[in-house]
Amino acid sequence: MRVTQTSDLWWKSAIIYCLDIETYLDTNGDGVGDLGGLARRIDYLAELGVNCLWLMPFYPSPDRDDGYDVMDFYGVDQRLGNHGEFVEVVRTAHDRGIRVIIDLIVNHTSDQHPWFKESRKSRDNPYRDFYVWRATEPPDTSEQVVFPDQEDSIWTKDDRTGEWYLHHFYSHQPDLNVANPAVRDEILRTIGFWLELGVDGFRVDAVPFFTHDIETESGDTVPANPHELLKEVRSFLGRRKGGAMLLGEVNLPHDQQYEYFGKDAGDELTMMFDFIGMQATYLSLARGEAAPLVNALLARPEVHPTCQWANFLRNHDELTLDKLTDEERQEVFDAFGPDPAMQVFGRGLKRRLPTMLGGDPRRIRMAYSLMFSLPGTPTIYYGEEIGMGEDLEAEGRMAVRTPMQWSAGPNGGFSTAPSRKLIQRPVPDGYGPPHVNAADQRHDRDSLWTFMRTLIGARRRCAELGWGEFSVIEQPNPAVLAHRCDLDGSSVIAVHNFAAEPAVVTLELDGDPEAELEISDLLERDGLTPAEGRLELALEGYGYKWLRVRREGELAVP
């Protein structure tokens with residue numbers, strides 16, 4: 001099935017930028033970022049070239065899990081602002097051509113949510129079935145715990161009623177019972193509410209946990225079919241706003257991810273993060289070999305034309321390596337996080353890319369060039385555009401959730417509050433604001449920020465990468481990945497060298513050796529001349545090239 005390129009499938013050509021409002025910009029001096037600060041920075045994002053903004057949770061919350069413990073799905077945390085300011089952010093973003101998606105958290109709530117407070121009052125309370133309870137003592141579930149340093153079971157006994165409630169994450173985050181039609185109705189109301197306020201879609205948190213948990217059900221409730229539930233959500237979303245999308249967090253093997261897309265029908269999640277590709281990228285970087293990433297890309301199932309993979313190198317969580325073997329994971333640890341203080345739960349890293357790559361600008365730029373050139377939609381986490389580091393003294397995932405570094409001044413320009421009042425301290429070392437900040441880099445033609453803006457501009461001009469047919473170009477150097485994406489007579493070819501040693505790569509560009517080809521360098525904006533359908537490229541150590549190739553006389557692409 002072929003789908004014509006059209007703007008209602010905007011996610012196929014999006015550049016997604018994720019941020020946490022509370023760490024982005026503080027305008028009232030209380031040490032916490034706010035919606036007013038975000039509104040002031042929409043033009044910054046537009047200048048960078050971002051066209052999709054993903055907002056991490058901003059709902060009312062006890063903030064025991066950085067806002068993912070929600071007390072009110074319809075509210076705005078009063079520290080961050082109000083609904084009027086939220087609408088102002090959305091309207092300003094739309095005026096600049098930026099769509100807005102928000103976190104949809106339907107796996108669990110805070111234990112301070114009114115539903116759970118009611119649920120635990122008695123066994124026959126009307127809200128009891130909003131959560132999953134069991135009357136008998138649960139078996140050992142320590143192996144299913146997501147945060148083994150904090151919890152030893154996914155069940156906690158509630159003393160008031162003498163029963164146990166389910167929580168895959170922290171005990172203060174009880175799991176919702178999505179088999180209950182009343183809970184599903186609330187999920188749809190939540191979606192409908194935020195769509196009315198202008199959002200363009202949702203990043204759906206922890207999808208595999210909320211959709212199906214047959215082994216841990218109490219036995220009193222028949223679980224909802226996970227895929228029927230997602231179909232229901234997708235259908236509702238389409239009815240309310242046809243151009244809206246669902247971006248799912250589904251860290252599962254490829255065959256199971258394919259199911260969450262809705263298989264061939266493509267009627268469940270619109271997009272999914274490629275966790276397997278991300279982890280393979282780090283293994284390739286550690287080895288200086290392309291093979292792990294090539295194998296991961298070729299193993300991706302072909303998804304429905306309206307669906308899409310989301311590529312990333314970093315997000316707001318730990319950098320999980322759980323899909324690698326123990327030996328492969330250790331290779332990545334040895335290369336990028338040998339100190340246990342840099343690791344999380346023995347399965348991931350609490351570092352950002354620049355520090356993992358030793359600050360080497362060649363490797364950093366090659367890694368981002370690679371990620372942006374892969375088939376799919378690139379996703380970046382705030383601060384990546386300037387090369388922010390992490391605070392290893394912060395607990396767990398909070399190491400990479402430090403305030404945005406706007407300037408070299410006090411608190412990195414994030415807030416005028418005394419440092420003791422900041423939501424979190426800025427990065428303290430050589431990657432801190434005096435050394436890494438947006439103000440300096442925006443005026444430096446050789447900065448990482450300028451390079452990222454160039455990459456984003458090139459990616460937005462390359463419909464082939466979002467819509468085209470992907471293939472790997474065979475060549476003998478194991479350190480080099482050469483791939484192409486073909487669309488409507490035009491091809492984008494990307495070549496990346498994972499090794500520190502220079503490489504010469506010969507590319508066969510067309511099956512017809514006599515074909516007259518036009519080739520342009522998309523990053524340098526220079527023309528190239530092939531020889532009889534063949535091109536020889538000299539790559540520096542950690543070098544890269546993006547080329548557009550078309551037959552002479554074909555319709556030109558900008």
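Q: What makes this model one to read with confidence values in hand, and what is the mean pLDDT of the protein chain?
A: The mean pLDDT of the protein chain is 93, and 94% of its residues reach 70 or more. pLDDT is the predictor's confidence in each residue, from 0 to 100. Over residues 212–223 the pLDDT is below 50. Beyond near neighbours in sequence, that stretch still has 21 contacts in the model (contact means heavy atoms within 4.5 Å).

Q: Which ground rules apply to the numbers?
A: The model is predicted, so local features need pLDDT of at least 70 and side-chain atom pairs count only at pLDDT 80 or more, while totals for chains, interfaces and linings use all residues. Residues are numbered from 1 along each chain as its sequence is written, and side-chain values use heavy atoms, with hydrogens and water left out.

Q: Why is Glu249 called buried?
A: Its relative accessibility is 14%. Buried means under 20% relative accessible area, exposed over 50%, and partly exposed in between (1.4 Å probe, protein chains only). Glu249 is therefore buried.

Q: Where is Glu249, and what is it in contact with?
A: Glu249 is in the loop between strand 8 (245–248) and helix 8 (254–260). Helices (H or I, at least four residues) and strands (E, at least two) are DSSP runs, numbered from the N terminus. Leaving aside neighbours within four places in sequence, the contacts of Glu249 include Arg203, Asp205, Ala206, Phe273 and Asp317.

Q: What is the hand of the crossover from strand 8 to strand 9?
A: The chain goes from strand 8 through helix 8 to strand 9, and this β-α-β crossover is right-handed. The term applies if, with the strands pointing away from the viewer, the path from the first strand over the helix to the second runs clockwise.

Q: Which way do the residues of strand 8 point?
A: Met245 and Leu247 point one way, Leu246 and Gly248 the other way. All are buried.

Q: What makes the phi of Ala206 worth a remark?
A: Phi of Ala206 is near 50 degrees, a positive value in a residue other than glycine. Most residues other than glycine have a negative phi. Ala206 is in the loop between strand 7 and helix 6 (207–211). At 3% relative accessibility, Ala206 counts as buried.

Q: Is Asp488 buried or exposed?
A: Asp488 has a relative accessible area of 56%, so it is exposed. Asp488 is found in the loop between strand 16 (480–487) and strand 17 (490–497). Asp488 too has a positive phi, about 50 degrees, although it is not a glycine.

Q: Why is the pair of Phe116 and Trp133 called stacked?
A: Rings of Phe, Tyr and Trp (its six-membered ring) pair if their centres lie within 6.5 Å; planes under 30 degrees apart count as stacked, over 60 as edge-to-face and the rest as tilted. By this rule the count comes to 31 aromatic pairs. The rings of Phe116 and Trp133 have their centres 5.9 Å apart and their planes at 5 degrees, so the pair is stacked. Phe116 is in helix 4 (residues 114–119) and Trp133 in strand 4 (residues 133–134), 17 residues apart. Phe116 and Trp133 are buried.

Q: How do you know that Lys12 lies over the face of Trp467?
A: A charge sits over a ring if NZ of Lys or CZ of Arg is within 6 Å of the ring centre and within 35 degrees of the ring normal. Lys12 lies over the face of Trp467, at 5.2 Å from the ring centre. Arg352 lies over the face of Tyr382, at 5.4 Å.
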